[in-house]
Each structure stands twice: as structure tokens, then as C-alpha cells.
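Hi,

Here is the structure I promised to pass on.

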Amino acid sequence: MGNKYKKWCICLGLVILGIWFSKDKNLYAASATIWFEAPEKEVYVGEEISVQMMVGSDTTLGDFEGSLIYSSSLLEYVSGPSCITGENGLLTISDIGASPSWDARNYRMTFRVLQEGTCQFEMTNNPVAYEYDTGNTMSVSSGVLGFTILPAPQESDNARLAAMKISPGNLTPTFESGIFEYSTVVDNDTIKLTVSAVPEDLECKVSVTGNSELKEGNNIVEIHVKAPAGNELIYTIHVAKEALITPSATPIPETEAPEWRFEVYEESGVFKLTGQYFYTIKEKDASVTIPAGYTKTSFIMNGVTIWAYTKTEDSDSDFLLLILENEAGETGLYRYDRVEKTIQRYLQEKNVISNTSKSLEEQEFLQDASDLMRYEQTISKLSLALAVAAGICLILLISVIALLIRRKNLDD
């Protein structure tokens, strides 16, 4: 009777322990969370955006399956991981045989924005996440992503010029953005009219036609300015080239240096500048620092728009800074004279002596005086350092002597 009672008690205890451990296991079952990360910037119609679906868990994440719905009238699915299939508002994620994830797993998807409105992303049909170690399913909770799609920004329709200059010659009347007809007169030896045109909206495309191979008499040069919105304005210059005058006597041979004419052409997507030397034109370069007080602009040479830098307070200056690379591969700033059509290496203005009344001897004297002052300051600092070092050595010597005397007295 006693043994039988003991057996029943043991069986009952085992049943209670089994129920307790089963309850405890369910209480601490692993769980997973799904959330979405929206684009950081504003979303406009016509562009492509990335949306990230993140899956995290409190244990090692293994396989994952689920279905994602989105607003198909607003977005078009473009691409994503190979484990994602579907379209038209429903995507299926079947990430089977996945590597273990200790951190949140990221599924990045790309969508094309079709029209404006409020778009939503959310999971449907009970997504399933598996523990990597046991293969057990986890409880899954998910959030909803929503963001607003804005209309495509309106492109500028401003096709007016802010400034226009020609070389050689001058415009008649004086340039104004609202005047579209001009005239000028050039010598008979002028082959080409250089036009520098800067649009009010720097996103405009500017092209020049009719400014090459000028003939005697009237020539028509057109400057076409096309705005980002697609509309175009045309500025016209009537160029009168003077007739050739035959001299009555034999002319005296010219002894002046030949006039170099710069030409711009494109080669494999790179713009080249030729003349007395050869340069490669660059829009920007990490090794070149633009001086303070200069603003980025552009001008036209041989019908090609070239990036340049002009003084902020004088946008119509005849002098521009160009970033050029010479034949030796050296990149630097060069000053271009739009009137004289010359190029020379640019020296920082801070290095130019503004007081021209000082003679070279005065400048050398000031430089020598400055060098002497720096030398004297250096000697003074060295002397002070030597004095401090000598004082420290003297203190150490006295301390050593005192220590030796004390030890000798102890020995006696």
C-alpha cells in the first residue's frame, strides 16, 4: 500500500513538472518584429525610391516568409533581392535557406513613383519567421509604413541671359536681358566672333551659331537659350564685317609676335583648349581651391559652354578663372582675358603687392628684417630652453652630492 502510494505521488509530480516546463517554454517563446524604413527625403512623382523592410528577433533568425502589400496605383516595383517576387501591389518574400542573422535582416526594394498621393506598406497573410537553431516558428508583429508623394517639381522656364559679351567689338545697344536684337562692326581680318553668354538660370543650355567663318558684309549670329522646361529664346547679333582695303604701297612686314587664337573642341567626352599651348578644361578638381570672393559661372567659346569663376561683385568682369590641366599633367587656376583672349597662370591676389610705389630694394629689406626678427626670436627661445636645462642639471648634481655625503656619514 505504501509503495503504491509513493508511485502515484511520483507520477503526479512528473505530470505537474511537465505542465510547468511546457508553460514556461510558451511564456518565453521567441518573437520577431517587422518594421519599415521610408526614404529620408521628400518623394516626388517620376523618381525612384528605396524602401527597406527590416526583420529583427530576440534570437538567431533563420528562414522568413511573408507577403507585402503596397499602393500599386502610386508605385511600381522595380527591383529587390532574389527572394522577393510579385508585382501590382503584392510582393512575396520567401527567404528559405537563409544564413543566420543575429542583427536585423534588411530587405531593400526599389520602386518607381507613378503619381501623387499617400502610399502605405504593410504585411498580410500572417508572416512566418523561424528560429535558426531549432526551426521553431516565432510570434511575429509588424508595423505599417505611410508617406506622402508630392507632385513633380516644376522646371524653370526662364530662358533669358543675365550677361552677354562679344570679342572683338561691342554690342549696340548695350546688353539687356529683354532686348533680343543687337549689332556690331568687326575688321576684315576677323574670322570668328567670340560670344560669352551667361544665362540667368544656370541650368539652361546655351549654344551659338553663325559666329564662325565670317564673310564680308552682314552676318547673323544667333544665341539659343533653352530653359529646363523646354522653351527657348534666341538672341540675334547682326555682324557687319568691313571690306578689305588694298594698300597703295608695299606694306612693311610686321615684326610683332603671332596672334594666338584659342580653340575649344571635345575629345572622348573631355573638352580641350588649344592655342599656343594645349590644356584640358576641368569643371572642378580636388587639388584646386577657388579663391574667396569668386562665384561659379559659365561662358561660351567656339559654341561650347565652359565652366569658369568670376568675381562675385563683378559678374561682367573681363577676367575669368579657369581650372586647366597643362601638358605636364599639372592642374591649376588660370586667368582668361575675354577681351585680349589671353591665358596666364593665376597668382593668388594675396601674393600681389598692391603698393606699387615700393621699390624692389625696399621689399627685400622688409623681407630681410622679417627673417632677422624670426631668427632672433628662435635664438631667444633656444637660450631660454638651455638655461632651464642647465638649472635642472645643477639641481640634480647638488642632490647627488648631498646623497653621497649623507651615505658616507651613515657608513662612518
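**Notes on the model**

Lys-272 stands opposite Thr-280 in E20. Strand names like that one come from DSSP runs (helices are H or I with at least four residues, strands E with at least two), numbered from the N terminus. The model is predicted, so local features need pLDDT of at least 70 and side-chain atom pairs pLDDT 80 or more, while totals for chains, interfaces and linings use all residues. Residues are numbered from 1 along each chain as its sequence is written, and side-chain values use heavy atoms, with hydrogens and water left out.

Back to that strand pair: E19 (residues 270-274) and E20 (residues 278-282) run antiparallel over 3 bridges; two strands count as paired if DSSP finds at least two bridges between them. On the other pairing, E18 (residues 263-267) is antiparallel to E19 over 5 bridges, with Glu-263 opposite Thr-274. E18 and E19 make a hairpin with 2 residues between them, and Ser-268 in the turn has a positive phi of about 55°.

Another residue to check is Asn-88, where phi is near 55°, positive although the residue is not glycine. You'll find Asn-88 in the loop between E6 (84-87) and E7 (90-95). Two peptide bonds are worth a look as well. Ser-167 to Pro-168 is cis, with omega near -5°, and Thr-172 to Pro-173 is cis with omega near 0°. Pro-168 sits in the loop between E12 and E13, and Pro-173 is in the loop between E12 and E13 too. For background, most residues other than glycine have a negative phi, and most peptide bonds are trans.

E13 also belongs to an open sheet of 4 strands, ordered E13-E17-E16-E15 with mixed pairing. The edges are E13 (181-186) and E15 (205-209), each of which pairs on one side only. Neighbouring strands there are turned by 20° against each other on average, direction ignored (axes are lines fitted to C-alpha atoms, with angles from 0 to 180 degrees between N-to-C directions). E13 and E17 (residues 232-241) pair in the parallel sense over 6 bridges, and Val-185 has Ala-240 in E17 as its bridge partner.

Now for the second largest pocket, which holds about 380 Å³ of space. A pocket here is an open set of points on a 1 Å grid over the protein atoms alone, where a 1.4 Å probe fits, with protein on both sides within 12 Å along at least five of seven lines; lining residues have an atom within 4 Å of a point. The volume is the space filled by probe spheres set on the points, joined across faces, edges and corners. Of its 19 lining residues, Met-164, Lys-165, Ile-166, Gly-169 and Asn-170 are the closest to the centre. E12 (161-167) and E14 (194-199) each supply at least two lining residues, and the largest share, 6 residues, comes from E12.

On charges, I count 7 salt bridges (a side-chain nitrogen of Lys or Arg within 4 Å of a carboxyl oxygen of Asp or Glu). In one of them, Arg-112 meets Glu-48 at 3.1 Å, N to O. Arg-112 is in E8 (residues 105-113) and Glu-48 in E3 (residues 48-57), so the pair ties together parts that are 64 residues apart in sequence.

Finally, Leu-394, Leu-397, Ile-398, Ile-401 and Ile-405 form a nonpolar surface patch with about 480 Å² of accessible area together (Shrake-Rupley, 1.4 Å probe, only the protein chains shown counting as cover). Patch residues have over 30% relative accessible area and no salt bridge; nonpolar side chains (Val, Leu, Ile, Met, Phe, Trp, Tyr) are joined within 5 Å, like charges within 9 Å. Leu-394 lies in helix H2 (residues 360-411).

Cheers
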